[in-house]
Amino acid sequence: MGPLVTTEWLAGALGTPGLIVFDATKYLPNEPKDGKAEYLRAHIPGARFFDIDLVADTDTDLPHMVPTPGRFAKLMSELGVSNDSRVVFYDQKGLASAARGWWLMSLFGHDEAAVLDGGLPKWTAERRPIGDGQGAAPPPGSFVPDFRARQLRGIGDILRNVLSRQELVLDARAAGRFTGAVPEPRAGMRSGHIPGSANVPYTDLLHADGTFRAAGEVRARLEAAGVDGKKPVVTSCGSGVSACILTLGLRLAGFPEGAVYDGSWSEWGGRAETPVEVG
């Protein structure tokens, strides 16, 4: 199983032992929808809900920061995941938040995880079966994490990198948010971007239906932003979710995946002392 699976593949694999499917939908603060409520109305049969705000550090006021290895292990075990599970994530928008689940699994040492290309919209467009409701609680799993710290960056790392420029920071937000031309969806947040960062809106890597472009096209878009396979890359976005789409794109294009700046703009733009560029 590669990091990206098709609806055809998933339809054929549903119900096989050890396969777990998660709806990992997370809507932005300015989107009047609730991922869990929408999941209860319609989901891929047998799918469980992966709450990005719950599988997180709940002791910080920053949104859905990476949890401790112990908390991640506890929650994944409660969701029925073990170290020999194959895990597929999708979301209700096509591809917007599912990659966060895939990246978290990798961060904690689990490589048998993938994202459903095109997500629920493609699944429903193909008239594949749909379930609803909560479903029975899964039998508990036994997940032992292997935390990979190299895949994570904090604000201190990014502050140092603003001076050293040893790593290339790619920002997955829309161009208007990156330049500061449009306000952030989170109230009171400054506009602009981390000095020296490059903008690759995650939607540039996708077709209109939420499926990934061909690997060669993804590679060309990343190269245009300065990715060369030699300089380490750190991905960022509004709150560490769509950054993971760029990380997945790096994998699909054959580049080293680098790391994710977990606090992203929610942390950087929310602090008065961090430098900000506009334009």
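Me: Which helices and strands each supply at least two residues of the lining of the largest pocket?

Reply: This is a predicted model. Rolling a probe the size of a water molecule over the atoms shows where empty space is left. Here, α2 (35-41), β3 (48-49) and α3 each give at least two residues to the lining of the largest pocket.

Me: How many residues line the largest pocket, and which lie nearest its centre?

Reply: The lining has 22 residues, and R48, F49, L79, Q134 and P138 lie nearest the centre. The space in this pocket is about 420 Å³. Sorted by class, its lining comprises 12 nonpolar, 5 polar and 5 charged residues.

Me: How much space lies in the second largest pocket?

Reply: About 350 Å³. This pocket is lined by 22 residues, with L28, K93, R177, Y202 and S242 closest to its centre. The classes here are 10 nonpolar, 6 polar and 6 charged.

Me: Turning to the strands, which way do the residues of β5 point?

Reply: In strand β5 (residues 113-116), A113 and V115 point one way, while A114 and L116 point the other way. All of them are buried, that is, under 20% relative accessible area.

Me: In what sense, parallel or antiparallel, does β5 pair with β4, and over how many bridges?

Reply: Strand β4 (residues 86-90) and β5 pair in the parallel sense, over 3 bridges. One place to look is V87, whose bridge partner in β5 is A113.

Me: How many bridges join β1 to β5?

Reply: Strand β1 (residues 4-5) is joined to β5 by 2 bridges, and the two run parallel. V5 stands opposite L116 of β5.

Me: Why is α4 described as largely enclosed by the rest of the structure?

Reply: An α-helix has 3.6 residues a turn, so residues three or four places apart point the same way. In α4, 10 of the 10 residues are buried, so the helix is largely enclosed by the rest of the structure. Among the buried residues are R100, W102, W103 and M105.

Me: What covers the buried residues of α4?

Reply: The cover includes the strands β4, β5, β6 (152-153) and β10 (259-261), along with the helices α3 (69-78) and α9 (243-252).

Me: Which residue just after α4 takes a positive phi?

Reply: G109, with a phi of about 90°.

Note on methods: Residues are numbered from 1 along each chain as its sequence is written. This is a predicted model: local features need pLDDT of at least 70, side-chain atom pairs count only at pLDDT 80 or more; totals for chains, interfaces and linings use all residues. Side-chain values use heavy atoms; hydrogens and water are left out. Buried means under 20% relative accessible area, exposed over 50%, partly exposed in between (1.4 Å probe, protein chains only). Helices (H or I, at least four residues) and strands (E, at least two) are DSSP runs, numbered from the N terminus. Two strands pair if DSSP finds at least two bridges between them. Contact means heavy atoms within 4.5 Å. On a 1 Å grid over the protein atoms alone, a cavity is a set of points where a 1.4 Å probe fits but cannot get out, and a pocket is an open set with protein on both sides within 12 Å along at least five of seven lines; lining residues have an atom within 4 Å of a point. Grid points are joined across faces, edges and corners, and a volume is the space filled by probe spheres set on the points. Ala, Val, Leu, Ile, Met, Phe, Trp, Tyr, Cys and Pro count as nonpolar, Asp, Glu, Lys and Arg as charged, and the others, Gly among them, as polar.
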